[in-house]
Amino acid sequence: MNWSFISHVTNHLAKPRLGEQKQPTLWPSGATATVDGQIVGKCRRQNYLRYAKDNYAFSEKYDHLEKVYQEVKQKSIPPSVYSQWIWRAGELYEQYCIDLAKESGIFVAEQVPIYIPDFNVSGKIDLVTINPETGKYHIVEVKSVYGFNANSVLGTESQRKNGNLGTPRESHLMQIGLYQSWYGNVNEEFAEGLLVYGARDTGRYAEYKITVELNEEDKKHYIHYQPHSPNVGPKVNSNLTIESILLNYKLIQDCINGSNIPDRDYDLLYSPEKIQGLYERGELNKTETAQHEKRQAQIKEGKKRLVKAVEKGDWQCRLCEYKDICYDSDSNPRILDLH
């Protein structure tokens, strides 16, 4: 018998879901913002390529995007089978929290749709609960994490023992920030949002209060977070603004309607100048620092045989499904002319 259970269900995970295609939208999980002149969150070109492909397939209005559509169709990298399993595991953790909210009597709603029409952004709030002490509702966004990188949001063992937690990911802050700004802040029955992280491997968790507050000086709405459980900490201004997020959505929509393609916001391989900048700011690790210093000394001495240059880049490019559109086989940036 050659049939395999695990192969069968893995193949099932990759099958497209049935149902009619709806009008393509931008997603809160794909938010981008500018902080101190630096882009954080999703690469705007990545958002554009996905959005352009979907719009071309949906409506003749976007026939001018045919070359983009063909490029994405031919060169995009499909998600691995392991990614499919990781995504499903994340959905399960979210469902655990929903089920526990129901069992404990605080469940109000799940998968609540929101839509921001001026920017064509749609998403779904994971969970809405009611605080039994105050009667106020809370938007709850659930994120599952695992492995070493989970420490950045949960806090290391040392941090947690000292009464601290980690730092929420900017992409998650922007997502729940949009929900809180658009849905929670305009409804009197809602209090602050709650961003919940849970580790699928260790069982540890962390919860942050999320508020979106108007700054009277610049009239912008800033996303704040505050460690809430199992440790409590001071409120922190993330410096992420709703206005910046919406401005970047508008840029992508303008590119879709016109003939521009957003620049890459990240680099597969950093330039020598950027590596030097990282070195000067002390942002290379010990091995990379020694390697860089040795190479620079060899160059200064006029040697012809040099140690290999430090190679670093952004994970956003390394893991991107559109990597082969932006870079050639030697990891050199490609010039895109798709119109």
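The model is predicted: local features need pLDDT of at least 70, side-chain atom pairs count only at pLDDT 80 or more, and totals for chains, interfaces and linings use all residues. Residues are numbered from 1 along each chain as its sequence is written, and side-chain values use heavy atoms, leaving out hydrogens and water.

Start with the sheet. Seven strands form an open sheet in the order β3-β4-β5-β6-β7-β8-β9, and their pairing is mixed. Helices (H or I, at least four residues) and strands (E, at least two) are DSSP runs, numbered from the N terminus. Two strands pair if DSSP finds at least two bridges between them. At the edges lie β3 (107–116) and β9 (236–241), each pairing on one side only. On average, neighbouring strands are turned by 35° against each other, direction ignored. Axes here are lines fitted to C-alpha atoms, for helices over the stretch in contact, and angles run from 0 to 180 degrees between N-to-C directions.

Now look inside the sheet. Strands β6 (residues 193–199) and β7 (residues 205–215) run antiparallel, joined by six bridges. Gly193 stands opposite Ile210 in β7, and Leu194 stands opposite Lys209 in β7. The two strands form a hairpin with five residues between them, and Gly203 in the turn has a positive phi of about 85°. Next, β7 and β8 pair in the antiparallel sense over nine bridges. Here Thr211 faces His224 in β8 as its opposite residue. This hairpin has four residues between the strands, and Lys219 takes a positive phi near 60°.

Helix α7 (residues 170–184) touches β3, β4, β5, β6, β7, β8 (220–229) and β9, and its direction makes about 165° with that of β5. Contact means heavy atoms within 4.5 Å. Helix α4 (residues 81–103) touches β3, β4 (121–130), β5 (137–145) and β6, and its direction makes about 130° with that of β3.

What about the cores? In soluble globular proteins, nonpolar side chains tend to be buried together. A nonpolar core is a set of buried Ala, Val, Leu, Ile, Met, Phe, Trp, Tyr and Cys residues joined through side-chain atoms within 4.5 Å. Buried means under 20% relative accessible area, exposed over 50%, and partly exposed in between (1.4 Å probe, protein chains only). The largest core has 54 residues, of which Tyr48 and Ile245 touch the most other members. Helix α8 (residues 242–257) gives the largest share of this core, seven residues. A second, separate core of nine residues includes Cys97, Ile98, Ala101 and Val196.

Finally, some backbone details. Most residues other than glycine have a negative phi, and most peptide bonds are trans. Asp36 has a positive phi, near 55°. Asp36 lies in the loop between β1 (32–35) and β2 (38–41). Is Asp36 buried or exposed? Asp36 is exposed, with a relative accessible area of 74%. Gln111 also has a positive phi, near 50°, but lies in strand β3. Gln111 counts as partly exposed, at 31% relative accessibility. The peptide bond from Ser229 to Pro230 is cis, with omega near 5°. Pro230 sits in the loop between β8 and β9.
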